[in-house]
Amino acid sequence: MKATTISSFVICYLLFLPAIAGADIVVFKNGRTMSVKACLIDAATATMKLREGGEVTFTSSIVARVDPDEVPYPEDPPAVEVVAALAPAIKLALVSDEVLAARPYADLISTIAAANKVDARLVHAVIEQESNYVARARSKKGARGLMQLMPDTARQYGVRNSYDPKANLEAGIRHLKDLMSRLDLPLALAAYNAGEATIKRYGGLPPYAETQNYVRSILRRVGGAPAGQSGTN
């Protein structure tokens with residue numbers, strides 16, 4: 001089986017067939033593997049077309065090699081592919097540290113994130129996705145505040161007022177940390193969005209476009225691997 005290394009520019013393509021299609025196996029340096037439809041890899045970044053739909057762009061430095069997958073798979077498989085193979089996270093920096101430092105609640109976020117040993121950039125990415133820094137935000141499902149705490153989650157962490165930025169951040173960051181202690185980062189983010197019970201029910205990333213887009217969007221915003229946060233701590 002011929003391997004393609006990240007040191008050379010290579011385009012991996014998918015040969016579409018009427019009922020089945022070939023694929024490529026991406027082998028990550030952390031030992032995980034992932035079957036993808038198509039990928040573009042150069043010395044800096046890699047872009048993969050996922051089997052369940054959509055694309056993910058990340059740093060090519062976490063890829064060891066790409067092998068052809070000679071085992072065909074159904075053209076429309078269930079969208080339960082676990083993207084935990086990308087657990088070291090995306091390293092495509094989109095927002096500078098200076099820009100993050102100028103955002104609302106930046107000092108409070110940094111302080112609480114550091115106290116809980118959670119990467120502040122990751123917390124910013126979640127907040128931007130959840131509420132766009134609106135402390136009084138409330139969803140149709142009843143999620144509230146900066147990190148959109150559901151009432152049950154707020155009670156779990158002893159929050160009386162989910163609209164209070166400090167209380168909301170403390171609970172949201174602790175909840176995110178707890179999820180990451182049990183799950184790889186992509187699945188922890190999926191659990192933050194859809195609930196941990198949903199992740200357990202589907203055995204991985206659930207087939208919900210909202211959740212899949214949520215995970216991809218946050219990983220793209222991370223802009224650097226949150227050290228030690230690829231799974232259990």
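I looked at the residue just past helix 3: Asn-132 takes a positive phi of about 55 degrees. I keep in mind that this is a predicted model.

Next I went to the other end of helix 3. At its start, a side-chain oxygen of Asp-119 comes to within 2.9 Å of the backbone nitrogen of Arg-121.

I then checked burial along helix 3, which spans residues 120-130. Arg-121, Leu-122, Val-123, His-124, Ala-125, Val-126 and Ile-127 are buried there. What covers these residues? I found helix 1 (97-101), helix 2 (106-115), helix 5 (165-182), helix 6 (185-194) and helix 8 (209-222) among the covering elements.

I followed the chain into the loop between helix 3 and helix 4, where Ala-135 sits. I read a relative accessible area of 12% for Ala-135, so I log this residue as buried. Leaving out residues up to four places away in sequence, I list Tyr-105, Gly-145, Leu-146, Tyr-163 and Pro-165 as touching Ala-135. I also noted the pair Ala-135 and Asn-168: 33 residues apart in sequence, 8.7 Å apart in space, C-alpha to C-alpha.

Last, I turned to the largest pocket. Its volume is about 660 Å³. I count 25 lining residues, with Gln-148, Met-150, Tyr-192, Asn-193 and Ala-194 nearest the centre. By class, the lining holds 10 nonpolar, 9 polar and 6 charged residues.

Which helix gives the most to this lining? Helix 6 does, with 4 residues. Helix 3, helix 4 (151-156), helix 5, helix 6 and helix 8 each supply at least two residues.

Methods: Residues numbered from 1 in each chain as written. Predicted model: local features only at pLDDT ≥ 70, side-chain atom pairs only at ≥ 80, totals over all residues. Heavy atoms only, no water. Buried < 20%, exposed > 50% of the residue type's maximum accessible area, 1.4 Å probe, protein only. Contact = heavy atoms within 4.5 Å. Polar contact = N/O pair within 3.5 Å; in protein donor to acceptor, adjacent residues only side chain to side chain. 1 Å grid on protein atoms, 1.4 Å probe; cavity = no way out; pocket = protein on both sides within 12 Å on 5 of 7 lines; lining within 4 Å. Points joined across faces, edges and corners; volume = space filled by probe spheres on them. Nonpolar A, V, L, I, M, F, W, Y, C, P; charged D, E, K, R; others polar.
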